[in-house]
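The entries follow in the order in which I looked.

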Amino acid sequence: MELCSFLTLDSFITDPLTYDFMRKALLMSSLVAAVCGFLSSYLTLKGWALMGDAVSHSVMPGVVVAYALGLPFSLGAFFFGVGSVALIGFIKQKSRVKEDTVIGLVFTGFFALGIVLVSKIKSNIDLHSILFGSPLGISLSDVKQTIFISLLVVILLSIFRKDLMLYCFDPRHAKTVGINVFFLHYLLLTCLSLAAVVGLQSVGIILVVAMLITPGATAYLLTDKFDNMTVISVLSAIISSLIGIYVSFWFDLETGGSIVLAQTFIFLFAFLFAPRYGIFKLKKLFAGYK
Amino acid sequence: MESINYQNFRIDAENICVDYNGKVALYDANLRLKPGQICGLVGMNGAGKTTFFNALTGFVNISKGKIRINGESVRSAQKDQTIAYVPQNEGIDSQFPISVWDVVMMGRYGSMNIFRCPRESDVQAVKDAIERVDLTDHLSTPIGNLSGGQRKRTFLARAIAQRASILLLDEPFSGVDIRTEKLISELFIQFKNEGKTILLSTHDMIHVREFCDLVLLINKTVVAYGETSEVFTPENITTTFGGISPDFLFGPES
């Protein structure tokens, strides 16, 4: 790519669109980003960042086993994602080891199992694409599965939007007024596992946790309203995906890393300049000039 | 043989035990409260006050004993919105991006449809509740921007909007301003007249003498229970607080 092509913003944006794989990558990554961004508001408010990291890493053996058995990889991922959380809960309850330690050792154990399985099960699994994502090489069956899972998660989150908000905010009250907290807990975990599965196609297992927490954290700095937080989170996730893919196309960079870096930069921007909660509090700066 | 009519009791907890993974938090605790009664729950930190609340709301399961709410199970009390819990200010995330209106509306969730779409009656209940705690000027204020007292009133409004007949309040007077304290005491009198039953935990001995008809002193189990005038003695308080005299704990003025 010649640098002069940047001179027009128009061609910067439209040139990649002439490639089929780029159109698909942009669309699918935006969809995945939207789903992860939606979920992200709940995870950051619930304080489940570490849990998100754990679940997303733990799905690794599930993906490998599912591929080997010819099952939809979402099924395997879901099984191991929820399984890891159950195991974390069990070990925490039955031992004196502290929770963050348990989380750390369980998910690395699962992750290691996944890596060992990949090396043992000689199939056409591409370890690199699982670890670092491959939004540019997404297959048609993956597209169908991603759309299906994304819709499922969006529908579930939309239906139980308010209940999940209440669950994150005050589970005790939820329980007191007869709302099934147990169900909501596992609903959120299920959505987390599913989002991790679709997210890993974009940015890979190692970085998928960024998709699940960074947009929410950015939005949290920008608003005091839950609904706005969800919208900002989704938008910032989509924008990051688009920026990441374009930048990786023009500069020949790793796509997954670029997407996450874009998210990080947006977060840093909010961290510095958010009107109320930023370090420099833009509102005050502007007020000073008036 | 005379049979007790359990329907008369709003709360009837009989020999309840709660343990967390084998660690006993509360054992053989009893409590019976009728409509219109206000009961103070007094004990040290870790004496099982919050556990007692959790057992009554069904947030933790009891390992032994029986709890009847209006003669029925805790589960059906949850379904009927019978119990409202007003948390300690420290017990909630004050930075959660949510407004006063939204918090109070949560009091109505249990009686709404699955999408939690507010009906006209819900909106009215929320409006009325917010008016009763004098926060009408702060409908859309994020709870993070409220004072401790205003936040406490927000959660009281949620309990009012829920139209619960039993109110459980965890340290209702801690960290609140004089105005809120006065408003809460007025509300207590109104609640009492409406026949609501109130169980409140407090560290403040003056508040117990002022508001509570009954007092329940606990230290993992019931140390003493009965009319405040009879039970709330320096000896009982000393026993409850593990031998430390109330003067030392609360200063000579109490």
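I began with helix α8 (residues 161-169) of chain A, which is largely enclosed by the rest of the structure because seven of its nine residues are buried. Buried here means under 20% relative accessible area, with exposed over 50% and partly exposed in between (1.4 Å probe, protein chains only). Helices (H or I, at least four residues) and strands (E, at least two) are DSSP runs numbered from the N terminus. The buried residues of α8(A) include Asp163(A), Leu166(A), Tyr167(A) and Phe169(A).

I noted the conventions. The model is predicted, so local features need pLDDT of at least 70 and side-chain atom pairs count only at pLDDT 80 or more, while totals for chains, interfaces and linings use all residues. Residues are numbered from 1 along each chain as its sequence is written, chains are lettered from A and ligands numbered from 1 in the order in which they are written, and side-chain values use heavy atoms, with hydrogens and water left out.

Interface. I found 27 residues of chain A in contact with 32 of chain B, contact being heavy atoms within 4.5 Å. The area buried between the two chains is about 2,800 Å², 61% of it from carbon and sulfur atoms. On the chain A side, Phe169(A), Arg172(A) and Thr176(A) lose the most area to chain B, together 28% of what that side buries. Buried area is the accessible area (1.4 Å probe) that two parts lose on being put together, summed over both.

Strands of chain B. I looked up strand β8 (residues 214-219), where five of six residues are buried. Two strands pair if DSSP finds at least two bridges between them. Leu217(B) in β8(B) is the bridge partner of Val42(B) and stands opposite Ala224(B) in β9(B). In the hairpin of β8(B) and β9(B), one residue lies between the strands, and Lys220(B) takes a positive phi near 70°.

Pocket. Which residues lie nearest the centre of the largest pocket? They are Lys92(A), Gln93(A), Tyr167(A), Phe182(A) and His185(A), out of 24 lining residues. A pocket is an open set of points on a 1 Å grid over the protein atoms alone, with protein on both sides within 12 Å along at least five of seven lines; lining residues have an atom within 4 Å of a point. α4(A) gives the most to this lining, with six residues.

Methods: On a 1 Å grid over the protein atoms alone, a cavity is a set of points where a 1.4 Å probe fits but cannot get out, and a pocket is an open set with protein on both sides within 12 Å along at least five of seven lines; lining residues have an atom within 4 Å of a point.
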